[in-house]
Amino acid sequence: MRHVYNIISYLFHPLFVPIGGTIVYFLVAPYSTLQTQSGNILPIFILTVIIPIIFFLILKNLGVISSIFLPTIQERKYPLYISCIIFLMILYKVIPNNYVHELFYYFTGLLTATSATLILLFFKFKTSMHLLGMGSILTFMVALSIHFETNITIAISLFTLFTGLVATSRLYLKAHTKNELLIGFILGCCSQLIILKYWL
């Protein structure tokens, strides 16, 4: 069973949250063009998946971090700093060139949640990045469904189930406490809810 929960933790790693939300957006948005998709998906994938993996390998070789799941509070700080910088680059360089209103605010929410998580680390509180990511995408999906008046109830239901599986896996692996999971999920949801008034 441990292997199954490990696979779930890898499949829904927070590393894939930015590109996951981007792909969800283009699957739901009725007016997206191929040019807009390629102009956003490829650079976002490079910035949020490829570059963090490179930084992870560098930091691991330097002995700064020990695992991709960042088990200690100290290990989490550097990747979160990097994530904030990457999100700022996307907001100021990538999206303005291929402007997508809804996607801009999705990344604004991710930046807000990541910054809040970083601040909590200085108070010695380790938030679950897995649940933060799941909460962000789940809230974004619900908002997109309302915004575009598109019925994606099945997708939302499945993702709610996946969120439960991820929470269960993190508890089973003893990676987080219930409070850390709950705070992570609340941060993910609230960071998206706060900015809904600007685009919904």
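Helix 2 (residues 17–28) has twelve residues, and its first and last C-alpha atoms lie 16 Å apart, close to the 16 Å expected at 1.5 Å a residue. That expected span is 1.5 Å times one less than the number of residues. Helices here are DSSP runs of H or I with at least four residues, numbered from the N terminus. The model is predicted, so local features need pLDDT of at least 70 and side-chain atom pairs count only at pLDDT 80 or more, while totals for chains, interfaces and linings use all residues. Residues are numbered from 1 along each chain as its sequence is written, and side-chain values use heavy atoms, with hydrogens and water left out.

Stay with helix 2. Nine of its twelve residues are buried, so helix 2 is largely enclosed by the rest of the structure. Buried means under 20% relative accessible area, exposed means over 50%, and partly exposed lies in between (1.4 Å probe, protein chains only). The buried set is V17, P18, I19, G21, T22, V24, Y25, F26 and V28.

Now step back to the loop between helix 1 and helix 2, where H13 sits. With a relative accessible area of 10%, H13 is buried. Beyond its neighbours within four places in sequence, H13 is in contact with I68, F69 and H130. Contact means heavy atoms within 4.5 Å.

A search of the whole structure finds one cavity of 30 Å³ or more. A cavity is a set of points on a 1 Å grid over the protein atoms alone where a 1.4 Å probe fits but cannot get out; its lining residues have an atom within 4 Å of a point. Grid points are joined across faces, edges and corners, and the volume is the space filled by probe spheres set on the points. The largest cavity holds about 570 Å³ of space. Its lining has 29 residues, and H13, P14, L15, P79 and S83 lie nearest its centre. Helix 2, helix 3 (34–61), helix 4 (73–97), helix 5 (101–121) and helix 6 are the elements that each give two or more residues to this lining. Helix 4 gives the most, with seven residues. By type, the lining divides into 21 nonpolar, six polar and two charged residues. Here Ala, Val, Leu, Ile, Met, Phe, Trp, Tyr, Cys and Pro count as nonpolar, Asp, Glu, Lys and Arg as charged, and the others, Gly among them, as polar.

Helix 6 is mostly covered, with 16 of its 19 residues buried. H130 lies in this helix. At 4% relative accessibility, H130 counts as buried. Leaving aside neighbours within four places in sequence, H130 is in contact with S9, F12, H13, P14, F69, V166 and R170. After helix 6 comes E149, with a positive phi near 55 degrees.

Helix 7 comes next. The 20 residues of helix 7 (residues 153–172) should span 28 Å at 1.5 Å a residue, and its end C-alpha atoms are 29 Å apart, which agrees. Its buried residues are I156, F159, T163, V166, A167, S169 and R170. Seen down the helix axis, they fall within an arc of 160 degrees, so they line one face of helix 7. The arc is that of the directions from the axis to the C-beta atoms. These buried residues pack against helix 1 (2–11), helix 6 (129–147) and helix 8 (178–194). The face turned away from the buried side carries the exposed residues I154 and L161. Just after helix 7, K174 takes a positive phi of about 60 degrees.

Key
1 Å grid on protein atoms, 1.4 Å probe; cavity = no way out; pocket = protein on both sides within 12 Å on 5 of 7 lines; lining within 4 Å.
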